[in-house]
Amino acid sequence: MALAVCGTVLAEADNQLVGTWAMVTATTERHGVKADAYGPEPRGWLVFTKELTFVEVLTDPRVPKFASEVRGEGTDEENRAAMAGGIGFFGRYTVDQSGEFSGNTITGSTFPNWVGAVRTRDDLRLRVEGDRMIEDFRRPDGTKVHIVWERVR
C-alpha cells in the first residue's frame, strides 16, 4: 500500500499529461485508406487532472443541429449523424515513474461499448512533445486513429 501511494504521489509530481489539450487534427486509417476522423476542422478537448482522472470530448462541427430543441427527440437520421460525428468519455488514467501515460480505464462513454474498457500502451499511446501531444490509438477492428493535441494556455 505504501508503494502504491508513493507511486501515485511521484506520478502526480512528474505527470506530463496534466492540463487541458485542444484537438488540432484527427485522422483514421483503415485498410490503407486515410480520412478525417471528425471533419477537416475537428473540435475537441482532452483534460487530465492531477488526481489521475480524464475527460475527452471529440466533435465534428459539421454535424447539423436537430430540428427539435429537445435532445431526446432527434430523428433516426439526426441521432445517427450525432453518434457518428462525436464521442465523449471519461475515466481514470495512470502514468509511469517518468510521468508518461501508461494506461486508462473508461468509466463512462457516449458509446456504451467502451464503458469498462481498459487500455494500455499496446493499443493507446500518448507522447508529449513540448506543448503538443500525439495520440495513436488502434480500435478493436484494426482502424488506426491519429490525433494531434495542443496544450491550452
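I began at Asp-131, which counts as partly exposed at 36% relative accessibility. My terms here: buried is under 20% relative accessible area, exposed is over 50%, and partly exposed lies in between, with a 1.4 Å probe and protein chains only.

A note on the source: this is a predicted model, where local features need pLDDT of at least 70, side-chain atom pairs count only at pLDDT 80 or more, and totals for chains, interfaces and linings use all residues. Residues are numbered from 1 along each chain as its sequence is written, and side-chain values use heavy atoms, with hydrogens and water left out.

**Entry: Asp-131 and its partner.** I found the side chain of Asp-131 in a salt bridge with Arg-153 (2.5 Å, N to O). I call it a salt bridge when a side-chain nitrogen of Lys or Arg is within 4 Å of a carboxyl oxygen of Asp or Glu. The two are 22 residues apart: Asp-131 is in the loop between β8 and β9 (132-138), and Arg-153 is in the segment after β10 (144-151). Arg-153 is exposed, at a relative accessible area of 77%.

**Entry: strand to strand.** Next I looked at Glu-150 and Arg-132, whose side chains meet in a salt bridge (3.3 Å, N to O). Glu-150 sits in strand β10 and Arg-132 in strand β9, 18 residues apart. I also noted a network of salt bridges with shared partners, joining Asp-131, Arg-151 and Arg-153. Back at the pair, Glu-150 is partly exposed at 37% relative accessibility, and Arg-132 is partly exposed at 34%.

Entry: Arg-121 and Asp-96 form a salt bridge through their side chains (2.6 Å, N to O). Here Arg-121 belongs to the loop between β7 (118-120) and β8 (124-129), and Asp-96 to the loop between β5 (86-95) and β6 (101-109), 25 residues apart. Buried or exposed, I asked of Asp-96? Asp-96 is buried, with a relative accessible area of 18%, while Arg-121 is partly exposed at 30%. My count of salt bridges by this rule is seven.

**Entry: the whole chain.** I stepped back and found two helices and 10 strands, in the order α-β-β-β-β-α-β-β-β-β-β-β. Both are DSSP runs numbered from the N terminus: helices are H or I with at least four residues, strands are E with at least two. Of the 153 residues, 33% count as buried. The C-alpha trace spans about 55 × 35 × 35 Å along its principal axes.
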